[in-house]
Amino acid sequence: MLDYLPLILAGTLAAATPLIFAGLGELVAERSGVINLGVEGMMLIGAIAGFAAAAETGHGAAIGLPAGALAGAAAAAVFGFFALSLAANQAACGLALTIFGIGLSAFIGQHYVSYSLPGLQPVVVPLLSDIPLLGPVLFKQDWVVYLSLAAFALVAWTLAKTRLGLLLKAVGEAPEAAHAIGYPVIAIRYGAVVFGGAMAGIAGAYLSTVYTPLWVQNMSAGRGWIAVALVVFATWKPTRLLLGAYLFGFVTILQFHAQGLGLQVPVQLLAALPYLATIVVLVLISRDRKLLQLNLPASLGKPFLP
Amino acid sequence: MHPTEPRLQLLHITKRYPSVVANDDVSLSVMPGEIHAILGENGAGKSTLMKIIYGAVKADAGEMLWNGQQVAIANPAQARKLGIGMVFQHFSLFETLTVVENIALVLDEPFDLAALALRVKEVSERYGLPLDPHRLVHSLSVGERQRVEIVRCLLQDPKLLILDEPTSVLTPQAVQKLFETLRRLAAEGVAILYISHKLHEIQSLCDSATIMRGGKVTGEAIPREETPATLARLMIGRELPVCEAPPYHGLVRPVLQVERLSLTSDDPFGTELKEVSLTVNAGEIVGIAGISGNGQAELLAALSGEATVDRETIWLDGEAVGHLDAGRRRDRGLVFVPEERLGRGAVPALSLARNALLTGHRQGMKHWGLVAFDKAQAFAEQCIARFDVRCGGPGAAARSLSGGNLQKFIVGREIMLAPKLMIVAQPTWGVDVGAAAFLRQTLLDLSRSGVAILVISEELEELFEISDRIAVLAAGRLSATQPRAQADAESVGLQMSGLFNEAETSNAPA
């Protein structure tokens, strides 16, 4: 088992990467008071856009990720038009976006069913990667994994230390007050939602161009929903979100190895394990109602009309 | 220094909304160093006018001169840049942010919280408005929140400060402190627009006044040279109505008894009730003073039955009812008029007749188990006639009524249920003077017919007008009640800040 450990931990980081991107994006959107249930759809749109761009240009993830980000952002902008400009019900718009994303990605994906992409080689950090256990886990990953950690650091720092972070929190808590002191609430929420879409798009493109570099219909497999759940259970805090994503990644990889060992357990049950474990642990962590209420963006899900 | 030019001059400002002309040809001017009152009732158009000055609302017609120059203010940021600061009636603060974070959000300067915290401390001390920059706003009292708003304005070096009903939630002592600060600012040359409907405040603070009614300017006055009666006539078009409290001759027996009621709140911003004890007798009105957020919401929930408590902590007409829910308590003669008229007292989109059903169904508005709409209709008609509710009839939607008329309907509906005990929260909040006087007299008359009434209000003057006994709720603890004749605003105000001894609390042995 100990021989497996570096392998499992290294796989954990990669498996958690799409959740980190999608979760951070949704966290920012929710901090501004908008709940976008279209994460799953935006991930799939990002996945197919990234895959198509990578396949057509032959440049792999280097072009696939930006393409996925753009497609995700565009999908989020459409959501924003309905949910923000027209003040439609956010939950309904988000669900519609998810259904649309599933359909659209399957439709475009028809052309790419037999394609596969080369994938990414790990970036090996010299010297550091030779550290026992930690070395291969932390310093022998593809560059997107490093990018996800940078994105985490950037979002956490922005939320905690900058005026922009404060403004997001203010708009999410009391949009009327933010409007009264002269901030463009709708524009700020657009920004947050589009950022969330771009991040979901990157998450999807990572799945289709790096993690499993071939096109499979509906390949996000509910990770978008896990990202939405992670944000709530992480009580809108980036660090908790990161831990939740790694927990999901860890159980995902663990159950792969369990399947490989040929345990007498139905494969479907093992495959459901990461979802179950993540939800159970996060519910336990966030069972403190006061903590949840203190951090909940008070205007979450409520349309704002200036 | 003899300023010759007004700091701000408004000429013929007009603002129309689809159903109402909020400002009709309004003109006024304020000199530097002048404290100028805008006096008027709810709905007179004061708040709209201030929002126009602050750039939050655009006028349809009229001009604005700033230091003699014509200006068009497009948004609040531009107003702030000119030097206009505004202290809002409903605070524009963010509860989960700290004081200094709240202030940083409106300042147009590099983001440095540590340096700003020092300046906040310095300015707040210079003007006698002590503040801890690192406290979270939700943990502050209402008076402290107002200080945050004022300090926020002061840090922008304002030339004109607008205060919208700033004293409506302050204790009498806090009002005095606020006035000292405002006089100091005026002495430094700041022009101040002070919006209020409280005549005595305007007389003690303001140099001049513009009086508005129904969107129009009805007069200009030097408040110190006027009497409350002459100002009232300008403001409401007649004398201030006075309530009469005749003595009660019926049988005095306790109807509501609360014994050592404690309740923890689920709300992280809520207040815990600590051993509240209280008795309300038939034929009297007991008033509970205090600033909202000191346990008022929790006490109302426990008394109305929205939150259930231990059986023997609440007694209704001799029966232990603490464990019963709101419906079961209503069955036993309790009625409750909540603070929020729309959404809790009445369903906004439903007609008055259907709103009558909500609590009136106990009056036999059914026929073979089905709703008897004709009876509800008749009930609503009767209520409208008896309590002078101005509306489009029983079919009018609740939200189409003005605050005063809807409150008359809700109070009337509950009175028609022939209660033993009535609990009322903020009976005249946001209600015009005429309707407020009517409501107060209605409550007095009801109590003299043998009903026990408990009124929870932030308006001290109102409580002194109608209560037979007064208690104060502060930080979740209730003071002992004192007869109105022995209570004075000064000591009640001190208690509202939480300054009462253990010996004076309600649970002390009598």
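Visitor: Which residues of α13(B) are the buried ones?

Guide: Welcome! Please keep in mind that this is a predicted model. The buried residues of α13(B) are B:G404, B:N405, B:L406, B:Q407, B:K408, B:F409, B:I410, B:V411, B:G412, B:R413, B:E414 and B:I415.

Visitor: What makes α13(B) largely enclosed by the rest of the structure?

Guide: A residue is called buried if 20 or more other C-beta atoms lie within 10 Å of its own. Twelve of the 13 residues of α13(B) are buried, so this helix is largely enclosed by the rest of the structure. Its buried residues pack against β16 (334-337), α11 (352-360), α12 (373-386), β19 (421-425) and α14 (433-448), which belong to chain B.

Visitor: How do you know that the span of helix α13 of chain B agrees with what it should be?

Guide: The expected span is 1.5 Å times one less than the number of residues. For the 13 residues of α13(B), 403-415, that gives 18 Å, and the end C-alpha atoms are 18 Å apart, so the two agree.

Visitor: Now to a single residue. Why is B:L97 called buried?

Guide: The cut-off is 20 or more other C-beta atoms within 10 Å. B:L97 has 20 C-beta neighbours inside 10 Å, so B:L97 counts as buried. You will find B:L97 in the loop between β6 (84-87) and α3 (99-104) of chain B.

Visitor: What does B:L97 touch?

Guide: Leaving aside residues up to four places away in sequence, B:L97 touches A:L166, A:K169, A:A170, B:N102 and B:V137. B:V137 is 40 residues from B:L97 along the chain, with 6.2 Å between their C-alpha atoms.

Visitor: And why is B:T230 called partly exposed?

Guide: A residue with 20 or more such neighbours is buried, one with 12 or fewer is exposed, and those in between are partly exposed. B:T230 has 15 other C-beta atoms within 10 Å, so B:T230 is partly exposed. B:T230 sits in helix α8 (residues 228-236) of chain B. From B:T230 to B:L240 there are ten residues in sequence and 9.7 Å in space, C-alpha to C-alpha.

Visitor: How many bridges join β14(B) and β15(B)?

Guide: Two bridges, in the antiparallel sense, join β14 (residues 314-316) and β15(B), and the cut-off for pairing is at least two. B:L316 stands opposite B:E319 in β15(B). Helix α9 (residues 296-304) of chain B packs on this sheet, touching β11 (254-263), β12 and β14 of chain B.

Visitor: Which domains is chain B divided into?

Guide: They are domain 1 (8-236), domain 2 (241-333 + 419-510) and domain 3 (346-417). The centres of domain 1 and domain 2 of chain B, taken over C-alpha atoms, are separated by 33 Å. Twelve residues of domain 1 are in contact with 14 residues of domain 2 of chain B.

Visitor: What about the two chains: how many residues are in contact?

Guide: 16 residues of chain A are in contact with 18 residues of chain B. On the side of chain A that touches chain B, α7(A) gives the most, with six residues. By class, that side has eight nonpolar, three polar and five charged residues.

Conventions. Residues numbered from 1 in each chain as written. Chains lettered and ligands numbered in written order. Predicted model: local features only at pLDDT ≥ 70, side-chain atom pairs only at ≥ 80, totals over all residues. Contact = placed C-beta atoms within 7 Å. Helix = DSSP H or I, 4+ residues; strand = E, 2+ residues; numbered from the N terminus. Nonpolar A, V, L, I, M, F, W, Y, C, P; charged D, E, K, R; others polar. Domains from an automatic or database assignment. Axes fitted to C-alpha atoms, helices over the stretch in contact; angles between N-to-C directions.
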